[in-house]
Number of protein chains: 2
Amino acid sequence: MFQSPSLEALVQELKKLPGVGNKSALRMAFHLLRAPREEAEALAKWLVRVKERVRLCVVCGNYTEEETCALCLDARRDESLICVVEQPSDIYLVESTGEYRGHYHVLHGALSPLEGVRPESIRIGELVERVARGVVKEVILATNPNVEGDATGFYIADLLKETDVIISRIARGVPVGGELEFADQLTLARAFRGRRGIE
Amino acid sequence: MFQSPSLEALVQELKKLPGVGNKSALRMAFHLLRAPREEAEALAKWLVRVKERVRLCVVCGNYTEEETCALCLDARRDESLICVVEQPSDIYLVESTGEYRGHYHVLHGALSPLEGVRPESIRIGELVERVARGVVKEVILATNPNVEGDATGFYIADLLKETDVIISRIARGVPVGGELEFADQLTLARAFRGRRGIE
């Protein structure tokens, strides 16, 4: 169809992005062909740099370019609170509510026996170690409100039940069966306020 | 908001793509962070290669990596027919209807006095030269069915009225006031069949 193999290859690569179908990929590719060379080169540069420079914070597992992320180093944040999320992108969502001023812990996944994700595949051990250091008073579970997220929350609550930290879960204000990413800021803010202890 | 300047920069670059807002750019960036390094590098590579390799066909102005594009070199296509479009992406749309087997001419724009696009800013002179060579029997105007596209069509029809080529325009099956890019294949195919001479 195309008279250029490079254009064809670019469209194929763009289609791998989430939410990008054939028509969107075509529009993007033709936009880039019309755009100044600098625009395509800047996008290419940051694609490569992000993969080179971004690594995981040794404390919380968030994306950072330093050893420890700025959220973990921020003395104004309450280090007695840890909010557990599945992905670094969830931190961005929680931060956008302005409702939470504690620390985070990114699991980088959720338990899923069917997909072979076991407790040792995600950063649960690191969470237990952080709690064992004694500073943490409450662990807020903000895993996705779906089967895997709930199972992960229950597993963590069970692991920590012998410690004296409070284990809470963000309220069921978030749509059940969905993913955190699709919640609006208000719903997510309310969910933080309405969190309850796990019995 | 981000703990990584590179991630922030990548999101800003992604937002320059058509149809990509803040939320889509975030999803894409986080997807790329989770994806294998090869995926981000392949996208970056083709972004740069497309800008390096793709140029305009010396005959029709389509995107190609050769001097002359494969559509112009295809002996099975009818060289007595030229379909005039505004952008190379329009060729892709017309080709996808399977309705047309002639040649193309890409103007790379449409007349727009307000935006300073004058006849000499787009490839109208090249079209007149092609017609002057004597092989062309019909020029089909498939510019966008909006003010600029219509004005461009009338301007070309006027320029060619002293020659003996037939000037036609694809039928008004395409939604008026819109852009060719948003037409479905069937509408576009009907528009080709229903083309009429410009009086």
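**A surface tyrosine, a buried serine and a helix pair**

A:Tyr155 lies in helix α7 (residues 147–159) of chain A, where helices are DSSP runs of H or I with at least four residues and strands are runs of E with at least two, numbered from the N terminus. The model is a predicted one, in which local features need pLDDT of at least 70, side-chain atom pairs count only at pLDDT 80 or more, and totals for chains, interfaces and linings use all residues. Residues are numbered from 1 along each chain as its sequence is written, chains are lettered from A and ligands numbered from 1 in the order written, and side-chain values use heavy atoms, without hydrogens and water.

A:Tyr155 is partly exposed, at a relative accessible area of 33%; buried means under 20%, exposed over 50%, and partly exposed in between (1.4 Å probe, protein chains only).

Turning to the interior, A:Ser168 belongs to strand β6 (residues 166–169) of chain A and is buried, with a relative accessible area of 3%. Beyond its neighbours within four places in sequence, A:Ser168 is in contact (heavy atoms within 4.5 Å) with residues including A:Glu138, A:Ile140 and A:Arg196. Buried residues account for 54% of the 199 residues in chain A, and this chain holds eight helices and seven strands.

Between the chains, helix α2 (residues 22–34) of chain A packs with helix α5 (residues 88–95) of chain B at an angle of about 150°, their axes 10 Å apart. Axes are lines fitted to C-alpha atoms, for helices over the stretch in contact, and angles run from 0 to 180 degrees between N-to-C directions. The contact involves A:Asn22, A:Leu26, A:Phe30 and A:Arg34 of α2(A), together with B:Pro88, B:Ser89 and B:Tyr92 of α5(B).
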